[in-house]
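Subject: Structure for you to look at

Hello,

Here is the structure I promised to pass on. Please open it alongside this email, and then read my notes below.

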Amino acid sequence: LKIPLFHGTLAQAAQAKRPILAPGPPSDLTTGLHRYLLPTRSTLAVPLIADDRVHGVLTLGSSVAGQFDPDHAWFVGLLTEKLARTVAGGREVQKL
């Protein structure tokens, strides 16, 4: 799924290159895909960064308001470091 990065939660995370904690669903997904998901009352968006380049944004949502905190953002950030390198490596293989 490709999303234009002009505004919204995912765009903020990608442009700032840091996790974003937000109330409600990611504003980038309020149409389309989001209508099929459970009501989202809190969102954590973490950019996938490898070699100082954003390769995507991992987005977690919860039906519980205020579910995510800075500790969650830190922990998910650790996981996304490896995921970002994997995504970047996969893109390099695709170029071959």
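Start with L79, which sits in helix 2, residues 70-95. Please keep in mind that this is a predicted model.

Is L79 buried, partly exposed or exposed? Its relative accessible area is 49%. Exposed means over 50% and buried means under 20%, so L79 counts as partly exposed.

L79 also belongs to a nonpolar patch on the surface.

Now go to S62. This residue lies in strand 3, which covers residues 53-62. The relative accessible area of S62 is 12%. The cut-off for buried is under 20%, so S62 is buried.

What does S62 touch, apart from neighbours within four places in sequence? Its contacts are P39, T40, R41, S42, Q67 and F68.

Next, the whole chain. The protein chain has 2 helices and 3 strands. Along the sequence, their order is α-β-β-β-α.

How much of the chain is buried? The chain has 96 residues, and 32% of them count as buried. Its accessible surface comes to about 6,500 Å². Carbon and sulfur atoms hold 60% of that surface.

Best wishes

Notes: Residues are numbered from 1 along each chain as its sequence is written. This is a predicted model: local features need pLDDT of at least 70, side-chain atom pairs count only at pLDDT 80 or more; totals for chains, interfaces and linings use all residues. Side-chain values use heavy atoms; hydrogens and water are left out. Helices (H or I, at least four residues) and strands (E, at least two) are DSSP runs, numbered from the N terminus. Buried means under 20% relative accessible area, exposed over 50%, partly exposed in between (1.4 Å probe, protein chains only). Contact means heavy atoms within 4.5 Å. Accessible areas come from the Shrake-Rupley method with a 1.4 Å probe; for residues, only the protein chains shown count as cover. Patches are made of residues with over 30% relative accessible area and no salt bridge: like charges are joined within 9 Å, nonpolar side chains (Val, Leu, Ile, Met, Phe, Trp, Tyr) within 5 Å. A salt bridge is a side-chain nitrogen of Lys or Arg within 4 Å of a carboxyl oxygen of Asp or Glu.
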